Amino acid sequence: MPTSPGRSSKPLISHRSRKMTGKARLTVRKSSLCLVIFGTALLMLGAMFFHATYQRQADTPLIGRVAGVVKTLALTDLCLFTEARYTRHPSQADLFSAFQDHPMALEHFPAGSIVGPPATLRKLHDKLD
Amino acid sequence: MTSWIEKQRSILDYTLSSLIRRKGKNISLFIVYTLVVFILASAMFFTEAMKREASLILKGAPEMVVQRLLMGRYDPIPLDYLQKIRGIRGVISADARLWGYYYDPAVGANYTVMAPRNQSIAQGKIIIGKGIARVRMINKGDILSFHAYDGQVRSFTIDGELPAASELVSADLILITEAGFRDLFGFPASHATDIVVSVRNPQELLTIARKISEQLPDTRPIIRDEIVRTYDSVFDWRGGMVIVLIMMALLAFVIFAWEKASGLSAEEKREIGILKAIGWETSDVIAVKTYEGSVVSFFSFAFGILLAYGHVFFSSAFLFAPALKGWSVLYPDFRITPFIDPHQVGILFFLTVVPYTVATIVPSWRAAIVDPDSVMRS
Amino acid sequence: MIRLLNVRKGFNLGRTNEFIAVGGVDLSLEGNRITVLKGPSGSGKTTLLSLIGCMSRPTSGRISLLRNLLGNNGFLKDGDTPEVEVTSLPERFLTEIRRQTFGFIFQQLNLIKGVTVLENILLPAYPLGKKHGVVKKRAEELLDMFGLGDRAAARVEWLSGGEAQRVAIARALMNDPPIIIADEPTAHLDSKLSREFMDIIAHLKGQGKTIIIASHDPLVFEAPVVDRVIAVRDGMIDGAGA
Ligand SMILES: Nc1ncnc2c1ncn2[C@@H]1O[C@H](COP(=O)(O)OP(=O)(O)O)[C@@H](O)[C@H]1O
Ligand SMILES: [Mg+2]
C-alpha cells in the first residue's frame, strides 16, 4: 500500500510554506454551534410549555375571582369591544343589530371583523324561537 | 453508530456552510418564515387562550337571561313577568336586572351602567370600573356627573373601583343604586332591563326556556351555553378577517418558499455533481438538502413560536390590540392566561416545517441522481 | 493493476447523433507509475479517465482493478479473485470506489464556491464518518504540505490559479487514495506552475501513488518523471504505448 503523503512534515511547496494560522485551526465546528442552538431552542420551547402550565396554575384563583365578579353582578359578556352595544354585549344583542342580519355580513365597526355572530344566530337551539 | 453520527454531523457542517454562503437569500427566507409562524401562532395562542379564559370566566354568568322583544328589538321587560316565570316548575329564582348604556361625550366612551342586586351601594355613590377611572382620570372620592334623561345633571361620588383583576369583564362598569339608575334614565319602576333565571336542574334548562317562550311569547330566553358559545365564535379566528390576512401571508410565503427552495440553480446542480464525483452517495446529497430545509424551517418555527408566546402572554398581544380595540375608547387592561394547546403547536409544526422541508428535498432528488461524470466536462 | 478489456463507450446510442467516444480499448496500467494519455482534443481522453475512475460505465467491455487497490470496501468478499471486475458493480459500490480508490483532479478543478479551502479539502472525507479531529488534522497537514496553511479559512474563489490547483490536489489526496486521476491539469497554468505541478506529481509517485493524467501539454508528457505515454486518437489507442 502507498504511504501517506500527509504524514511527511516537509512542505512540498517551499516558496510559500506558511503554516495555518491559529485562528483557522481553532474555529468551532458549525454543526456543534447548530446543535447547541437547536438544543437551546428545544429547551426554550419546553420552558414555554412549563411557563404556561405554571402561569395557568398561578392564575387559577384570579380567574376564579373574575368568575366571582361575573356571578355577583350577573354579567354576561366580556368588556372587550365597547364601541357599540352589540359588540359590548354580543350575547345579548338584538337579532337585527348591524352585522347580525346575516351571519356572514361584514360590519361597520372594526370589531366586527373579529366578532362573529352570536351563537343564537348560528345555531338555534331546538324550538325556542 | 458513532461513525453514522460523525457522518451526519459532517454533512450538517457542509449544509451550514452552504446555507451561510447564501446569506442574503436564507436570512430573508428565515425572516419571512418566522414572521408567518409568528402571526399564525400569535392568532392561535390568543384565540385559544381567550376562548378558554372566557369559558372559565363565564361559568359564573346567569343560567338564563330572558329578554323582551318588541317589534323584533330588545325592549324593557315588565316586572310582572317575574311572577309568571317563578311559577314555572323547576325555576328556583327569577330576578330583574337593571343595566344600560351611557355615552360619555367628554371622552367619547360608552359605559355600562348597572344596578347590582347582590352588592349594596350607598345613596349618591357609584363604583366604577378601572377602565373608566383610567380614561376619565378619576379616583375614589371624585365626583362623576351624568346627563340624565331629563337634561339635568346628576352627580355621584365615586365610592371605589372594581378590582383590577376583573377588568376583562368590568372595565366599563358603573355600579349604581337602583333608585339612582331609575332616576338617571327615567326608567319606570314597573320595568327592568331583563330577567335572570336560575333553575333547579341544569338539564331542564332547555325545557324551561321553551316553557318561558310559550307562556311569554314576546320574550327571548338566552341560556348560558349560548353566551359561552358566542365567545367561542368571537375568538374563532378562522371566521374573521384575521384568516383572510393569514391566508394571504401564507400564500405569499408558499410562493416565496417554493421559488427559493425548489429552484435548483445550475450552480447547485453542478455542486451536487461534484459531491457525487468525489464519492458522496445520492443519499448523502439528499441528506444535505434535508438538513437545509429542516434547519431553516425548524429555527423559523421555534423562533416564531417563542416570539408569539412572548407577544401574546407577556405583552398582552399588543399587536392585536388595535384590531381588538377598534374604535373603542375604553379598553380593558388585562394579562392573558397562557392556555396553550400542545396539539395545536404540533399542527402548526407540521403545517410549517414539513411542507418546506419537502419542497427543499424533492427537486434535489432528481438532481442527486445525475451521473457523476457530468462534472468531468463543462 | 488496472486492466481494460475491449472497452467501448458510446453516447446517444440508437439516436441520430450516436457517437462512439471510446472504441474498443485494451489497456493495462501498472501501479506506482505516471501514465499520460496524450491526444488531441476530442480524442476520448476524458471519457477514458471517467471510465477508469468509475464515474461512468462502459457500453461494453470490462474494467478490472487489483483487489488491494479497493481498500476495505464493504462489497468485497474473502473468496474474491485478486482482480475485481468493477464494470458490473452497483452504483453504491462505484461510489465507494470513487471515494477510496481514486483521487480526482478535474480540468475545471470543480472546487465548491463560497466554501472555505479547508472545507473543500474535507469534503471527500465527510461520507466516511471518521472522527472529525482526525480528518481535520489530515486536511491541515495537506494544507501545510501545499503551502496553503494561511489560506485555510479563505473562500476558494479568492485563490490564485496555482493555489486553486493545489487545493484541488489536496482534495484528491484527502482520503489517501492509491490512484490519482488528473484531467488536463496544466490547461490553466503557466509554465512555471505547470512544472511545479509535475514536481508535486513526481513527489506523489515517490510516495507510491499511481498517477494517470490526460493531457496534450508537452510540459506534461515530455516530463522526465513520466513513465509511460499512451497516444489516444479517435477513441482508440495508437500502438502499444511508449
Ligand atoms: N455526454 C456526451 N454526450 C455526447 N458526446 C460526448 C459526451 N461526452 C463526450 N462526448 C464526445 O466524445 C468525444 C470525446 O470527448 P472527450 O473524452 O471529452 O475528449 P478529450 O478529453 O480527449 O478532449 C468528443 O467528441 C465529445 O464530443
Ligand atoms: Mg478532455
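From the N terminus on, the elements of chain A follow the order α-α-α-α, with four helices and zero strands in total, where helices (H or I, at least four residues) and strands (E, at least two) are DSSP runs. The model is predicted, so that local features need pLDDT of at least 70 and side-chain atom pairs count only at pLDDT 80 or more, whereas totals for chains, interfaces and linings use all residues. Residues are numbered from 1 along each chain as its sequence is written, and side-chain values use heavy atoms, with hydrogens and water left out.

Of the 129 residues in chain A, 46% are buried (under 20% relative accessible area, 1.4 Å probe, protein chains only). Contacts (heavy atoms within 4.5 Å) between residues at least 6 apart in sequence join residues at least 24 apart in 23% of cases in chain A.

In chain B, the automatic or database assignment gives domain 1 (2-58 + 230-377) and domain 2 (77-192), and the centres of these two domains, taken over C-alpha atoms, are separated by 49 Å. Nine residues from domain 1 of chain B and 14 residues from domain 2 of chain B take part in the contact. Between them the two domains of chain B bury about 810 Å², 78% of it on carbon and sulfur atoms, buried area being the accessible area (1.4 Å probe) that two parts lose on being put together, summed over both. In domain 1 of chain B, V329(B), L330(B) and D333(B) lose the most area to domain 2 of chain B, together accounting for 60% of what that side buries. Across this interface the rule finds zero salt bridges (a side-chain nitrogen of Lys or Arg within 4 Å of a carboxyl oxygen of Asp or Glu).

Notes
Chains are lettered from A and ligands numbered from 1 in the order in which they are written. Buried means under 20% relative accessible area, exposed over 50%, partly exposed in between (1.4 Å probe, protein chains only).
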